[in-house]
Amino acid sequence: MSAGRHRMRSSIHGAAAAAAVGVLVVTAGGWVGYRQLAGQDCSGKIELSVAVASELAPAVDEAATEWEEKGAAVDGTCIDVTVAASDPVEVAAVVAAKHGAILAGVGQASGTAVSPDVWIPDSSTWLLRLKTGGAAAFEPGNGSSIASSPVVVAMPEPIATRLGWPQQELGWTDLLTRLNSDRPLKTGIVEPTRDAAGLSGLLSMMTAAASTGGATAEQERIGALRALASGASALRQDLLAKFPTAADSTTLASALGAAALSEEDVIQFNARKPPVPLAALYLKPAPLQLDYPYAVLPGIEPAKASAAGVLFEALTTGAFKDKLAAQSLRGPDGNWGAGFNAPQGAPSPAGGDASATPPAQGGVAAGGLAPDAVERAVSSWSIATLSGRMLCIIDVSGSMKKEVPTANGATRQQVTTEAARRGLNLFDDSWSIGLWVFSTNLVGSRDYREVVPVAPLSRQRSELERGLDQVTSSSGDTGLYDTLLAAYKDVQANWEPGKVNSIVLFTDGKNEDADGISQKALLAELKRIKDPDQPIQVIIIGIGTEVSKSELDTIAQSAGGGAFVATDPTKIGDIFLRAIALRKAPA
């Protein structure tokens, strides 16, 4: 866990003869088990480590302490619980490293962080991202919510009042309109790849952009992404510091005007009596709330799993809701306990406006999260906020003429080119991008042809768009090896410091150039010329079912990168975004 964060420890031992505890096991549906009594004395000790989102940690620790005073054990064995306040992104990095997942924007785990037995992050989106990020065996037990906090748009009260708050109900499309206006509202966000409330706000904003429909939907989405990116902060505290410190018009105009934060953030901010309080705007449709899932991580011992089940029961009592209220948090059902200081305009829990079930919007499917929507939002954000130098290479061999049944008869070539075009729209002018095509014997005996050289988009965006329009399939085969080696040497010769230098190659087949370099020779040459001081990331995206994943993996890993396969070519766009977003930033 990070240095300087709040830490706490609660050691829990068996004491009272009549204390009831549960011995529970993890099942797909949650916790089940039987009851027994803990005696005054118990033998042995079960050490259970629990990492909790910082704002929730005091309530969890207090409940654990009370449990200690009443006496607790599992099957006659004492339980020793350590509760540590932890940033979810830090624990996510540790768990990702342990389970082989890659999370865009999260980075490497710190050397001092360790994987806990139980993790209570602020949002289930962390669990989903780990699963979709490559942790195939990652199946956290339980995952039931123990608290909640709606995600709101925090806005200085004078600005909110001008928009009609609290009388007028506002929606995400209203905010999107103000974000993309001639005099845009200055909007900020905590990095969505590292903050669950920021991700929730981003999902709602992207949904609002898509709902505009027509030709402007994509422009609205990209405009919103770039506007948010310009006001992004790495830490929540840094974002909060951007809000106005005085109510005069000059200060209000220059300071932050709106940001997606949790209800708890707003309550705690206003509790400090700032010069300009924040209004909490509960925009419609309601964004994905913070749900604080109780996740027992895979691979822990059965005794620890049982102890974790007992602790879960202690955190789902009626009395725990009052402890949550003291931390400005709601119960998992949206109701709040005694002493909760609800912001003006907060949805009434009695009216059922706040629900433990995520609403069906903003990338959320009924009854759960939609992995593709979350992945798409995270990837789009990563691309919009990165800068790099990339050579894009598209296969134009004869097999690319094949129609894609799931794409209304469009060919593989058309689907791939459209995916590249949509990706191009996300890159801002700080990127340098070039375009090649390849097959066999495209230029004499050469397998590849340069369409547009790598150069800043600030001066050649329209040229690249025209180049993509001219991409057509040939009648040749797939000259993969010669093309990749030539591309690697070209990028290496023009390597640019301070940026991610990369190659993205789309292909639907194996190497078929009998007159070209062999795979063995290609791998040997890549090994010889690779320079660790000038890294190049090679991303190969296979299209359809004829590609050899093992072949692409071998080449990409040898060059320094990774391979992805879109068995359904209509998914190329999402895979392209994800592949670019997972690139490592330069050291």
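Colleague: In E21, which residue is the bridge partner of Ile541?

Modeller: Phe564 in E21 is the bridge partner of Ile541. Strands (E, at least two residues) and helices (H or I, at least four) are DSSP runs, numbered from the N terminus. This is a predicted model, in which local features need pLDDT of at least 70, side-chain atom pairs count only at pLDDT 80 or more, and totals for chains, interfaces and linings use all residues. Residues are numbered from 1 along each chain as its sequence is written, and side-chain values use heavy atoms, with hydrogens and water left out.

Colleague: How many bridges join E20 to strand E21?

Modeller: Two strands pair if DSSP finds at least two bridges between them. Here E20 and E21 (residues 561-566) run parallel, joined by six bridges. E19 (residues 500-507) also runs parallel to E20, again with six bridges. Gln537 of E20 is the bridge partner of Ser502. From E19 the chain crosses through helix H17 (residues 519-529) to E20, in a right-handed β-α-β crossover. Right-handed means that, with the strands pointing away from the viewer, the path from the first strand over the helix to the second runs clockwise. E20, helix H18 (residues 549-559) and E21 also make a right-handed β-α-β unit.

Colleague: Are the faces of E20 covered or uncovered?

Modeller: In a regular strand the side chains alternate between the two faces of the sheet. Buried means under 20% relative accessible area, with a 1.4 Å probe and protein chains only. On one side of E20, Gln537, Ile539, Ile541 and Ile543 are buried, and on the other Val538, Ile540 and Gly542 are buried, so both faces are covered.

Conventions
Buried < 20%, exposed > 50% of the residue type's maximum accessible area, 1.4 Å probe, protein only.
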